[in-house]
Amino acid sequence: MTALMFIIGILVFVLGLLISIAWHELGHFSTARMFGVRVPQFMVGFGPTVWSRKRGETEFGVKAIPLGGYIRMIGMFPPGDDGRVRKRSTSPFRGMIEDARAAAFEELQPGDEKRLFYTRAPWKRVIVMFAGPFQNLILAVVIFLGVLMGFGISTQTTTVATVSECVIAQDEEPRECRPGDTPAPAAEAGLRPGDTIVAFDGEPIEEWSTLQQRIRDTTGAATLTVERDGRTLELRADLIENQVARTDGDGGYVEGEYVTAGFLGFSPASGVVRQDFGQAVSRMGDIMTDGVQALLNVPSEIPGLWDAALRNGEREPDSPMGVVGAARVGGEIFTLDIPASQQVATALFLVAGFNLSLFLFNMLPLLPLDGGHIAGALWESVRRTFARVTRRPDPGPFDVAKLMPVAYVVAGVFICFTLLVLAADIVNPVRLTG
């Protein structure tokens, strides 16, 4: 049964992956058509074609390797300086440029002269290239909000899980209470496991992070309003200072860092809590900030990935994962001993995170990514605006094809990184369970 659920989890992720890719390409396709650009191909995946159908002037299809997708637009790059589409050269760099230019004019038909991508205004080309990543951002936002508000997420609550018997500084090694230790304020106040703290000094409390901060800001007498077995009670506690772990501001802890703050002496219980719209937006903002930081940290993750893949080093749980690693995690999700609703919610979160990564990655201003084409169109707009203001001749379209040698280098780096991540995902994968 576990093996079957693992396979189901992988298939669910792959389906989400294919939908995400198709959704991305739909953004490019719909806006290209809106601006009159001819699109002869719309493909999900790479490699051999598994299925395709011609609808109107576009061939829609699915290819064997679900690692991406593409649409082919006529005239992605302008002709050369002499107006010709193709002129062979013995220079390898010139050959790259000419091959890219020739590919942009494949299947050119009568009447296509007015339907070439490079002839669209720069702002239209920006929209076409931005529409794909933006589709992924929309999908990520919708899924994140849907999961946070509809399913809820596991989070610490104001319900008491355990009560400490004595005061032990958190920077000490875990130990039992000893004779002479100071009794914990929570135990002296009569707080019990299962109590839910609903107010602190008369102020209503709904979130653990708020209660945590109020406790840390308080030393001396305080009133706890708790719900116990359907009754509301008021308990009086005398909080003291103690060495406690530094918090991250959201109720979590910063490992290895400690501060002196108010101390009550209990551990909160975790539960699945639905977020309201404001909470969901705030948490989603944190997720996006973490996503940007993770992208910036990718170069520093390479040594760790190298060790994990080739030297049997420890694989960090937050290290970059590829499609294979993410699919494996998707399989593990459906084997976890959690309610089915939380399995679905966690799988959706994984798909949403993948879409957020697609958006951020594709917005890098590097060819052959969408962000590189956006940067080229914006630079063309700046050049033409400057020429118009200074009354100089129109410089014409910016020839992005001349950057193809750089694009091949960037693509080579991405391929090497992808292979490294793939090796780490196979040899030393990130695991949800031990």
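The model looked at here is a predicted one. In it, Asp201 sits in the loop that runs between strand E4 (196–200) and strand E5 (203–204). Its phi is near 55 degrees, a positive value in a residue that isn't glycine. For context, most residues other than glycine have a negative phi.

Another aspartate shows a positive phi too: Asp229, with a value of about 55 degrees, although it is not a glycine. Asp229 belongs to the loop between strand E6 (220–228) and strand E7 (231–247). With a relative accessible area of 72%, Asp229 is exposed, because the cut-off for that label is over 50%.

The backbone also has something to show around Pro368. Leu367 and Pro368 are joined by a cis peptide bond, with omega at about 10 degrees. As a rule, most peptide bonds are trans. Pro368 is found in the loop linking H9 and H10.

Turning to the helices, H1 (residues 2–34) packs with H9 (residues 340–362) at an angle of about 35 degrees, and the two axes are 10 Å apart. The crossing of this pair is right-handed. On the H1 side, the residues involved are Met5, Phe13, Gly16, Leu17, Ser20 and His24, and they meet Gln343, Leu350, Val351, Phe354, Asn355 and Asn362 in H9. Sorted by class, this contact has 6 nonpolar residues, 6 polar ones and no charged ones.

Ser20 of helix H1 is worth a stop. At 0% relative accessibility, Ser20 counts as buried, because anything under 20% gets that label. Setting aside neighbours within four places in sequence, Ser20 touches Val351, Phe354 and Asn355, and also Asn136 and Leu139.

Next come the nonpolar cores. The largest of them has 27 residues, and the members touching the most others are Met73, Phe117 and Val128. At least two residues of this core come from each of H1, strand E1 (41–55), helix H3 (122–151), H9, helix H10 (370–389) and helix H11 (404–427). H1 gives the largest share, with 4 residues. Apart from this core lies another one, made of 19 residues, among them Ala186, Leu191, Ile215 and Phe266. Back at Val128, the contacts are with His28, Thr31, Ala32, Phe35, Met73 and Phe117, leaving out residues up to four places away in sequence.

Helix H10 also holds Ala387. This alanine counts as buried, at 6% relative accessibility. Beyond its neighbours within four places in sequence, Ala387 is in contact with Arg392, Pro393 and Pro395.

Finally, there is the database record. An unreviewed UniProt entry carries the annotation "transmembrane region" for residues 6–24, 126–153, 344–364 and 406–427. For residues 344–364, the figures are 90% helix and 0% strand, with 31 Å between the end C-alpha atoms.

Note on methods: Residues numbered from 1 in each chain as written. Predicted model: local features only at pLDDT ≥ 70, side-chain atom pairs only at ≥ 80, totals over all residues. Heavy atoms only, no water. Axes fitted to C-alpha atoms, helices over the stretch in contact; angles between N-to-C directions. Left-handed = near helix turned anticlockwise from the far one by under 90°. Contact = heavy atoms within 4.5 Å. Nonpolar A, V, L, I, M, F, W, Y, C, P; charged D, E, K, R; others polar. Core = buried A, V, L, I, M, F, W, Y, C linked by side-chain atoms within 4.5 Å. Buried < 20%, exposed > 50% of the residue type's maximum accessible area, 1.4 Å probe, protein only. UniProt positions renumbered as here; feature names shortened; annotations may be inferred.
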